[in-house]
Amino acid sequence: MRAPFDGIVAERHTQQGEYLVTGASVARLVDTAAPEVRVRAPVELARHLGQGTAVRVRSADGERDYPVSALVPVGDEASRQLELRIVLDDLQAPVGTAVDVGLPSAEARSVVAVPRDAVILRREGDFVLRVDPAGKAERLAVKTGAAVDDLVEVSGDVRAGDRLIVRGGERVEPGQAVSVQPLAVALAAR
């Protein structure tokens, strides 16, 4: 018998001398050169998934985005899930390693996101403090949205590239002069 690809025999389904039926499984062959993740996803997410869609895969080695290599567009009637496959070309883990896969649950959109600590929460409304070109603090009302890690989506007059006060904004008054210090970068000599 000739295998269709190089790999490792992970399991034998028959023994030497047994009679075989045409098409019966003889062994399980694992292709270790091209590891692949098989994921079950809710059918409702199918409109956000497709071949080439980037998904986040987290393993013991860290996190990385990979494109979906195949989507089986047939959902299981009982579980209401479909299968998608992701080729992991550079993951250094044994076959069978568990990984977490982050799937998109909505259409991609562009938003302004600011550090969580830049948003000041008050009963009268949330706001951020922007440093204007004259070096004065300016209060901007914002509405918050989705949060990812340490970033929060905001809508209002905040624009990408604005200089915001991230820490200590609770003690700064609108119109107060602000001195912006450059980030100190320490270089270690070896």
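Rings of Phe, Tyr and Trp (its six-membered ring) are taken as a pair if their centres lie within 6.5 Å, with planes under 30 degrees apart counted as stacked, over 60 as edge-to-face and the rest as tilted. By this criterion the structure holds zero aromatic pairs.

The model is predicted, so local features need pLDDT of at least 70 and side-chain atom pairs count only at pLDDT 80 or more, while totals for chains, interfaces and linings use all residues. Residues are numbered from 1 along each chain as its sequence is written, and side-chain values use heavy atoms, with hydrogens and water left out.

**The whole chain**

Display the C-alpha trace of the protein chain, which spans about 90 × 55 × 25 Å along its principal axes. Colour by secondary structure next: the chain has zero helices and eleven strands (DSSP runs numbered from the N terminus, helices being H or I of at least four residues and strands E of at least two). The radius of gyration is 26 Å, well over the 16 Å that the globule rule gives for 190 residues, so the chain is more spread out than a compact globule. That radius is taken over C-alpha atoms, and the rule is 2.2 Å times the number of residues to the power 0.38. Buried residues make up 23% of the 190 residues, where buried means under 20% relative accessible area with a 1.4 Å probe, protein chains only.

**The five-stranded sheet**

Select S3 to S7. These five strands form an open antiparallel sheet in the order S3-S6-S5-S4-S7; two strands pair if DSSP finds at least two bridges between them. At the edges are S3 (36–42) and S7 (100–102), each pairing on one side only. From one strand to the next the twist averages 40°, with axes fitted as lines to C-alpha atoms and angles running from 0 to 180 degrees between N-to-C directions.

Within this sheet, select residues 62–72 (S5) and 81–87 (S6), which pair in the antiparallel sense over four bridges. Ala-70 stands opposite Arg-85 in S6.

**The four-stranded sheet**

Move to S8 to S11, an open antiparallel sheet in the order S8-S11-S10-S9. S8 (112–115) and S9 (127–131) stand at its edges with a single partner strand each, so one side of each is left without a neighbour in the sheet. Neighbouring strands here are turned by 55° against each other on average, direction ignored.

Select residues 137–148 (S10) and 151–156 (S11), which pair in the antiparallel sense over five bridges. Val-148 has Leu-151 in S11 as its bridge partner.

Finally, show the side chains of Arg-139 and Phe-127: the charged end of Arg-139 sits over the ring of Phe-127, 3.7 Å from its centre. A charge counts as over a ring if NZ of Lys or CZ of Arg is within 6 Å of the ring centre and within 35 degrees of the ring normal.

Terms used: Buried means under 20% relative accessible area, exposed over 50%, partly exposed in between (1.4 Å probe, protein chains only).
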